[in-house]
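Good morning, and thank you for joining.

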Amino acid sequence: MNSNTQLAPDLKLIAPWHLRAFPNREWILVVVLLFECAIFSLSGDNFLTRSNAFEITRLSVEVGLLALALTPVIITGGIDLSVGSMMGLSAVVLGSLWRDGHWPMSLAIFAVLVLGLIGGALNGLLIARIGLPPLIVTLGTFSLFRGIAEGLTRGIENYSGFPPNFLFLGQGYLGHLVPTQLVVLVVSIVICAWYLHRTAFGRTLYAIGQSPEGSRYAGIPVGRNLFAVYLSSGLAASISAVIYVAHLGQAKSDAGTGFELMAITAVVLGGASIFGGRGTVLGTVLGLFAIVVLQNGLRLSRQPAELAGILTGGLLLITLVLNRLATFAGGQSRVNTGAEELDVRNSQVAVLSGVILLAALVVAGSNWLLVRSIQHGPQNERPINSSSKSNHRIQVAMMPKAKGDPYFVSCRLGAEEAAKELGIDLLWDGPTDLDPAKQNEVVEAWITKGVDVIAVSVENQAGISTVLRKAREKGIKVLTWDADAERNARDFLINQATPQGIGYTLTDEAARILGNKGEFAVITASLSAANQNEWIKFIRARLAEKYPDLKLVTVQPSEGDRDRAFSETQTVLKVYPNVKLIMAIAAPAVPGAAEAVKQAGRTDVKVTGLSLPNMNKPYVKDGVVESIVLWNTTDLGYLTVYAAQALISGQLKQGDHELVAGRLGKIEVVDDEVRLGAPFIFNKENIDRFDF
Amino acid sequence: MNRHSFISRNKRELSVALSYLVLLVLVALLAPTFFHPANLRDLAVNNASVLIVACGMTLVILTGEIDISVGSQFAICTYAAGLLAKSGLPLVVLILTVVLIGAVMGAVGGLLVARLGIPSIVATLALMVIWRDALRWGSEGAWIQGLPQNFQWFGLGQTYGEVLVVVAALIVFAAIAWSLHRLGAGRFFYAVGSDAEAARLAGIDSQFVKHNAFVIMGALTGLAALLNAIRFSIVPGNAGIGLELKAIAAVVVGGTAITGGRGTVTGTLIGVALLGTIGPALTFVGINSFWEKAIQGTIILAAVVSDVLMTRLSTRRQYRLAN
């Protein structure tokens, strides 16, 4: 396996400078970075500015720390998948020590760092002492750490309200320019580079990566050094968690989800061999920035977030293939390729390159068409009531919680309809999955881009409010829709329904179906989903207040996955035979629960919940789903864009009592809330009138 | 072939089976209703597609590689199944096309890993992101509805449909188990995973074998996606989230060495059953589902640790006997 051998050990004496600086062809990344910068400075707004440069670095600190810690791990031929989960565990422990344990912040941070060391020690013990494969051990601790974090908080707890001097670590600027946490990253880079490239300890890691057995015979304490490497990776994860909490202002058990994959991508992109023995800190840093710049640049060029994933993956593959081919083509004939000798025919390379090129062209082409159709559509039919004074088209940037969620897809339809009517440039972007950190990144990018209005459906109140306030300071109007930020962080809230309204409506509907008496079960999204937990709170409150004979027996997670909701419902039906109603409060969970009830043949059990009409139509008509509760999501998107336009043109200001919003007519405005109206109940009679 | 050698040859599988038995006894004591036939049937149907994917994963891991893009492949195959069914393709063509789509995606991974020598964990990590985001981009999260009547359960009705799904999974399992042990081609997977260089010198085209492992894995993922999709009347845009971890965990818990060359699909079958039982069993016993992930992680760790410790014990005993 260790065929990707490093250049000869006497490299330093004989190699020219470029081989010494870039032993693993890291210069490819420099080219990639320059290429990215060139493209994005043309296509993106305000990409090449000083503040954007610092913003990019701020966003890369958490992943960067993990990538730095993973570099030595990967150099020794290991891997650590548990770092992201360790972040989650560290975050909730930090939060609970500080809030519930009333520990001083500094002591809590210290305890969390110790916790990181303990987690790292567990990995190190199993890998270095017992000799288990790192992939499996850290796959186990990946589940274990996240599981403990969820268990401790019961998934619900969301710690926020941290003191300002702690938040400064993640949100502040040194000298009004340099993000605070950048200092931590730079110091870590220096320490890591020093240890890896300038100490005997660092050299032993390469030796271990080349051949653990050989290193042992050479007198290297393999076990001890490996242990140290995993220890440091646990420590880095907990430092990263502290910064993450300070950055977002909240600590929840889902902190750092998926960060391990981004960190590994950065390290491997930076030229480290996953088989061990190869890799540099410089390469990791370059790899990290290649990814982060790509994401930031695409956002500023208003490309969809999904493209960032596709391009990151493509970039990773292309660099690896190029590296492989270059190794193969010669220049390193000394390298012992042995068993892995490449048997690649030129035709295969041609086919592969062709496929990649073709895919890139298809992607680029379809995207160009898409952008064109969006931009040119409304331009052709100049709006009559456009209020923009100059030829400057108003740019409204609207963010859902998760782009792929059918709920938000339907909101987008309405938003685009309104943008077309008003002649507004609508930017629609956000995380592909629920991810509070990503939401902050997107808002930062929009501030840099200089849009006119930012409208956010907030996933994490405490975290995003700081960024939104920053946007307001820069003169950008801020709306929240669907879910609110802190009140002083936005101008207006487009309120479709309060959590209380939703919880109460759901409970009343349940009581109606059950005749005020009986047992029901809730299928939620994930156990740590903030919205759902808020609704469950109000459901319980309503039960206590009004329906003493109605009993909520269990809450089970669906992870936003229809199939999971299906199997959870099957189990609930068997374990709680008296349950006569399943209340599913995540859009994909309702059809999942309905199918389970239907297949179990339990005609005595009904399903209700919060979902979209279209995906439930068959079940509503079958009578399995009694009713679903929701507002008109298309109207919500439509109203948001109208409110944004009214805000810019001055038609909507504090103290107004109504807003005229296109086809919706007059909409009530109370204080700083624009109200869409009460939640709507869809049932057999009316569901066919809706299509979203 | 005496009884002792049977035990020593199948020690890993037996130890997993033993842990599974302990779990079942615990559940039987705490929540006997778990063994209601309806529940066992649902467990079998729900885990059938996981078993198929895990069998494919066993092949890949046996050759010393890994494929973490199966969850995304599963999502694409599910979506493709929905689109094709809606376009009114005949059933046989539909099945073949979905399996083919899976095989092609597997072949891309195989090309990168076996032919170009890119480490499988990295290559399939990149593919995982690419496939998933491409699907998100293309589908925009929309679900496919209005499928023809004969899509759900292939028009066989629920009872026969469920039997079909489970039987199909068992046939795949049996076919792989048989060919791994009785066919020369099956032995190649072990040879390549044990020592690719030695296998090459013995005249085995190890690149070809690895490539095939990925193609089979992809094809099986396609089949699994289809068999999972026909259990419902609507096709979602985000299927198979976390499937790769489920499959890998089942394979590893089942005693297959992550370094390749050692393991059986029988172990994988028990691994799938073990991990598939825990979730529902927790609900039956009344333990809060908040702890599910932590318990799963502990079981994976316990499985590998006990495996290594047992190996050490037996080697020590052998030393003692030898001296």
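Helix α14 of chain A is followed by Gly271(A), whose phi is positive, near 95°. Helices here are DSSP runs of H or I of at least four residues, strands are runs of E of at least two, and both are numbered from the N terminus. A word on conventions: this is a predicted model, in which local features need pLDDT of at least 70 and side-chain atom pairs count only at pLDDT 80 or more, while totals for chains, interfaces and linings use all residues. Residues are numbered from 1 along each chain as its sequence is written, and chains are lettered from A and ligands numbered from 1 in the order in which they are written.

To stay with α14(A): ten of its eleven residues are buried, so the helix is largely enclosed by the rest of the structure. By buried I mean that 20 or more other C-beta atoms lie within 10 Å of the residue's own; exposed means 12 or fewer, partly exposed is in between, and the C-beta atoms are placed from the backbone. Among the buried residues of α14(A) are Phe259(A), Glu260(A) and Ile264(A).

What does α14(A) meet in α15(A)? Met262(A), Thr265(A), Ala266(A), Val267(A) and Leu269(A) of α14(A) are in contact with Thr284(A), Gly287(A), Leu288(A), Ala290(A) and Ile291(A) of α15(A). Contact requires the C-beta atoms of two residues, placed from the backbone, to lie within 7 Å. By class, this contact has seven nonpolar, three polar and no charged residues. In this scheme Ala, Val, Leu, Ile, Met, Phe, Trp, Tyr, Cys and Pro count as nonpolar, Asp, Glu, Lys and Arg as charged, and the others, Gly among them, as polar.

Now the geometry. Two packed helices are described by the angle between their axes and the distance between the axes. The axes of α14 (residues 259-269) and α15 (residues 281-300) of chain A come within 7 Å and cross at roughly 120°. Axes are lines fitted to C-alpha atoms, for helices over the stretch in contact, and angles run from 0 to 180 degrees between N-to-C directions. α14(A) and α15(A) are therefore oblique to each other. Angles under 35 degrees count as roughly parallel, over 145 as roughly antiparallel, 65 to 115 as roughly perpendicular, and the rest as oblique. The crossing of α14(A) and α15(A) is right-handed. A crossing is called left-handed if the near helix is turned anticlockwise from the far one by less than a right angle, and right-handed if clockwise.

Helix α8 (residues 184-194) and helix α10 (residues 206-229) of chain B pack at about 110°, with their axes 10 Å apart. That angle is why α8(B) and α10(B) are classed as roughly perpendicular, and their crossing is left-handed. Phe188(B), Phe189(B) and Val192(B) in α8(B) meet Ser206(B), Val209(B), Lys210(B) and Ala213(B) in α10(B). Five nonpolar, one polar and one charged residues make up this contact.

Back to phi in chain A. Most residues other than glycine have a negative phi, and most peptide bonds are trans. His176(A) is not a glycine, yet its phi is positive, about 60°. Its place is in the loop between β2 (173-174) and β3 (178-179) of chain A. Asp482(A), likewise not a glycine, has a positive phi near 70° and lies in the loop between β8 (477-481) and β9 (492-495) of chain A. Are these residues buried or exposed? His176(A) counts as exposed, with 6 C-beta neighbours inside 10 Å, whereas Asp482(A) is buried, with 26 other C-beta atoms within 10 Å.

One further loop residue is Tyr547(A), between α22 (530-546) and β11 (550-557) of chain A. With 18 C-beta neighbours inside 10 Å, Tyr547(A) counts as partly exposed. Leaving aside residues up to four places away in sequence, Tyr547(A) touches Thr507(A), Ala511(A) and Asn516(A).

Finally, chain A as a whole. Chain A has 26 helices and 18 strands, and buried residues make up 57% of its 692 residues. Its division is into domain 1 (11-327), domain 2 (381-496 + 634-677) and domain 3 (499-630), with bounds from an automatic or database domain assignment. The centres of domain 1 and domain 3 of chain A, taken over C-alpha atoms, are 40 Å apart.
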